[in-house]
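Hello,

Here is the structure I promised to pass on. Please open it first, then read my notes below.

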Amino acid sequence: MEQGFFITGTDTNIGKTRATLTLMHYFQAQGKTVVGMKPVASGCDFIEGKLCNQDALLLQKNASVQLEYELINPFAYQAAISPHLAAEENPVVLPKIVSVFDVLKQHAQIVLVEGVGGWYVPLNQQGDDVESMASCLGLPVIMVVGMRLGCLNHARLTYQAIINSGLRCAGWLANCVDPVMQKLPENIDWLEQGIIAPLLGVLPYMPTADFKVLAKTIDFAGHINHNNNAVFHTNS
Ligand SMILES: Nc1ncnc2c1ncn2[C@@H]1O[C@H](COP(=O)(O)OP(=O)(O)OP(=O)(O)O)[C@@H](O)[C@H]1O
Ligand SMILES: [Mg+2]
């Protein structure tokens, strides 16, 4: 089993944190120790004098071991804007993220790392972005697709970008964020035809998440798409 996964998504606000927490519960149910990391977060509040992000707090709370906040989220910015614009001080430094990740690896069997926004979100003024963060960590990538109108294009673009980066796409998750999406199964089918990585689960629309239930929707073993005639044309 891998030591971790990098969780990205088709956009901001499409369920990366929901999916990461679901995977944490899934691995814990498999008897593994898991921690979550959100290396870069914008949109933070001061809690007891410290900038904290809601995603990172949830990852911290749901982990198998309780670790200090700075290990979960080393780069926290108050403004809810792109990190490269939010960081007036303490800009993102990728080697620092790698060294914190190495510490987390010593505390749990699996480390799940949530990106910020989508795959090409810029992180600093030096040209680093989410793609370079995932590459530095060298983790296989799990893509979360927020199932709503427009997601086929966003999913295809994101998948192509992951493949182009040279990282392995370990699988993808369909997260049903739109309770009235038309032709949902047909949309999922089309994505399955094009993505040569397993569909790891379909997370139902669920306004209040029940992670015990959601974890049961994950299947890492089965559902492998052996389609060699995928409809997406990738460069690899
Ligand atoms: N399957 C679902 N059913 C109902 N609500 C959902 C579902 N998935 C996510 N949501 C809700 O949508 C919102 C965004 O989800 P989430 O925070 O997981 O997205 P994200 O991609 O991590 O966002 P960010 O880019 O801010 O990190 C949350 O309020 C969450 O509770
Ligand atoms: Mg999130």
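In what order do the strands of the open sheet run? The model is predicted, and its sheet has 6 strands in the order S2-S7-S1-S8-S9-S10. The pairing is parallel. Strand S2 (34-37) and strand S10 (199-203) are the edge strands, each pairing on one side only. From one strand to the next, the twist averages 20 degrees.

S2 and strand S7 (residues 110-114) run parallel and are joined by 4 bridges. Val35 stands opposite Val111 in S7.

Next, a helix on the sheet. Helix H7 (residues 151-164) lies across strand S1 (4-9), strand S8 (141-146) and strand S9 (169-175). H7 runs at about 170 degrees to S8.

Now one residue of strand S9, Ala170. Leaving aside neighbours within four places in sequence, Ala170 is in contact with Phe5, Pro140, Val141, Ile142 and Ala197. Take Ala197: 27 residues separate Ala170 from Ala197 in sequence, yet the two are 6.1 Å apart in space, C-alpha to C-alpha.

Last, the ligand. Which residues come nearest to ligand 1? Of the 17 residues around ligand 1, they are Thr12, Gly15, Lys16, Thr17 and Arg18. Helix H1 (residues 16-29) gives the largest share of this shell, with 3 residues. By type, the shell divides into 7 nonpolar, 7 polar and 3 charged residues.

Best wishes

How values were computed:
Residues are numbered from 1 along each chain as its sequence is written. Chains are lettered from A and ligands numbered from 1 in the order in which they are written. This is a predicted model: local features need pLDDT of at least 70, side-chain atom pairs count only at pLDDT 80 or more; totals for chains, interfaces and linings use all residues. A residue is near a molecule or strand if its C-beta atom, placed from the backbone, lies within 6 Å of it. Helices (H or I, at least four residues) and strands (E, at least two) are DSSP runs, numbered from the N terminus. Ala, Val, Leu, Ile, Met, Phe, Trp, Tyr, Cys and Pro count as nonpolar, Asp, Glu, Lys and Arg as charged, and the others, Gly among them, as polar. Two strands pair if DSSP finds at least two bridges between them. Axes are lines fitted to C-alpha atoms, for helices over the stretch in contact, and angles run from 0 to 180 degrees between N-to-C directions. Two residues are in contact if their C-beta atoms, placed from the backbone, lie within 7 Å.
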